[in-house]
Amino acid sequence: MSTLAEYAGACLNLELSARQLAQFEELGSMLLYWNQRMNLTSITAPKDIVVKHFLDSLTLTTVVSQFDGLRLIDVGTGAGFPGLALAIAFPALEVTLLDSTAKKLRFIESVGRELQLKNVRTMHARAEDAGRDKGHRASYDIAVARAVARLPALMEYLLPLAKPEGQVIAMQGMTAYDDANSAAKAIEALGGELFAIEEVLLPTLDNPRYLIVIDKIKKTPRQYPRQPGTPTRDPIQ
Ligand code: SAM
C-alpha cells in the first residue's frame with residue numbers, strides 16, 4: 001500500500017495513517033478473495049484496485065473540504081465504492097452504503113466487521129424507495145454515486161436523499177459536460193442547482209474523471225422519486 005500512501009499524498013494532499021493503509025490492504029485482499037465467488041468487480045490487478053477504486057473514491061476530497069460529522073449516502077455502492085474507501089479515510093464520517101443487490105452488501109458487511117469500521121451501515125433497497133422513506137429522505141449532507149445510471153435518472157435517485165443545503169456528487173467520465181446538460185431539467189425539477197464540474201486526474205490513467213457537484217437549494221417535490229424503474233425508463237427531460 002506504499003503506492004496508495006504516495007498517490008494519496010501527492011495527488012490529493014491526503015495523509016493516511018498506518019492503520020488506514022492496513023485497512024485498505026485488507027479491503028483489497030478481501031475484494032479479490034470474494035471476487036472468486038461472486039461478481040464484485042472487473043478490476044483485479046492490485047495497482048488498478050489502488051488507482052481505480054481506492055484513489056478514485058478519495059478524489060471526493062477535492063470538492064468536499066471536510067467530512068467530519070457529516071452523513072453521506074453512496075447509492076448503488078456495489079462492492080463499496082466510493083463509500084467504503086471514504087469510510088476508511090474519514091472515521092468521523094457516517095456512511096450509508098445502499099444497493100439493491102443483497103449479496104454485494106454481505107461483502108461490505110464482512111469488510112466492516114473485519115476492519116472494525118464503526119461508521120458504516122448498509123441499506124438493501126432501491127434508491128427510488130429510499131428517497132420516499134421518511135428515515136432517509138432529505139437526511140444526508142452528501143449523496144454520491146459512481147457508475148449507477150445516466151445522469152437524469154441518477155438525479156432522481158440522489159437529490160431526494162440530500163438535505164436542503166446538502167450536496168449531490170456524481171462521479172462521471174469523459175462525457176460529464178454533456179451529461180450535465182442532459183440532466184439540467186431534472187436537476188431543476190428535483191430542487192438542485194449545478195455548482196461545479198471538477199476535473200480530476202489520476203496517476204497512470206490517460207483520461208480525466210469528473211465530479212459533478214450539485215447543491216440542493218430547494219425541497220424535492222413530493223412526487224419524486226417516482227416508482228422503481230420509472231426514472232431510467234422515463235427520465236425527467
Ligand atoms: N458504485 C460502484 C462502483 O463504481 O464500483 C458500483 C457500480 S455498479 C456498475 C452499479 C450498482 O448500482 C450495482 O451494484 C447495482 O445493483 C446498483 N443499482 C443500480 N440501480 C440501482 C437502484 N435503482 N437502486 C439501488 N441500487 C442500484
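**Reading the ligand site and the loops**

Mentor: Proline 225 is found in the loop between E7 and helix H10 (230-233). Keep in mind that this is a predicted model.

Trainee: What kind of peptide bond joins tyrosine 224 and proline 225?

Mentor: A cis bond, with omega about -5°.

Trainee: Where is the place of proline 82?

Mentor: In the loop between strand E1 (71-75) and helix H4 (83-89).

Trainee: What makes alanine 138 worth a look?

Mentor: Its phi is positive, about 55°, although the residue is not a glycine. Alanine 138 is in the loop between H6 and strand E4 (140-146).

Trainee: Now the ligand. How many residues surround the ligand?

Mentor: There are 17, and the closest are Gly76, Phe81, Asp99, Ala127 and Arg146. The cut-off for being near is a heavy atom within 4 Å.

Trainee: How do the residues of the shell around the ligand divide?

Mentor: Seven are nonpolar, five are polar and five are charged. Strand E2 (94-99) and helix H6 (127-130) each supply at least two residues of this shell.

Trainee: What about glutamate 128 and serine 100?

Mentor: An N or O atom in the side chain of glutamate 128 is 3.1 Å from a nitrogen atom of the ligand. For serine 100, a backbone N or O atom lies 3.3 Å from a ligand nitrogen. Both values fall within 3.5 Å, so both pairs count. The protein covers 79% of the 600 Å² of accessible area that the ligand has on its own.

Trainee: Which pocket is the space taken by the ligand?

Mentor: The largest pocket.

Trainee: Why is the pair of arginine 209 and aspartate 56 called a salt bridge?

Mentor: The rule asks for a side-chain nitrogen of Lys or Arg within 4 Å of a carboxyl oxygen of Asp or Glu. The two side chains meet at 3.2 Å, N to O, so the pair passes.

Trainee: How many salt bridges does the structure hold?

Mentor: Seven.

Notes:
Residues are numbered from 1 along each chain as its sequence is written. This is a predicted model: local features need pLDDT of at least 70, side-chain atom pairs count only at pLDDT 80 or more; totals for chains, interfaces and linings use all residues. Side-chain values use heavy atoms; hydrogens and water are left out. A polar contact is a pair of N or O atoms within 3.5 Å; within protein, one must be able to donate a hydrogen and the other to accept it, and residues adjacent in sequence count only if both atoms are side-chain atoms. Accessible areas come from the Shrake-Rupley method with a 1.4 Å probe; for residues, only the protein chains shown count as cover. On a 1 Å grid over the protein atoms alone, a cavity is a set of points where a 1.4 Å probe fits but cannot get out, and a pocket is an open set with protein on both sides within 12 Å along at least five of seven lines; lining residues have an atom within 4 Å of a point. A molecule sits in a cavity or pocket if more than half of its atoms lie within 2 Å of its grid points. Helices (H or I, at least four residues) and strands (E, at least two) are DSSP runs, numbered from the N terminus. Ala, Val, Leu, Ile, Met, Phe, Trp, Tyr, Cys and Pro count as nonpolar, Asp, Glu, Lys and Arg as charged, and the others, Gly among them, as polar.
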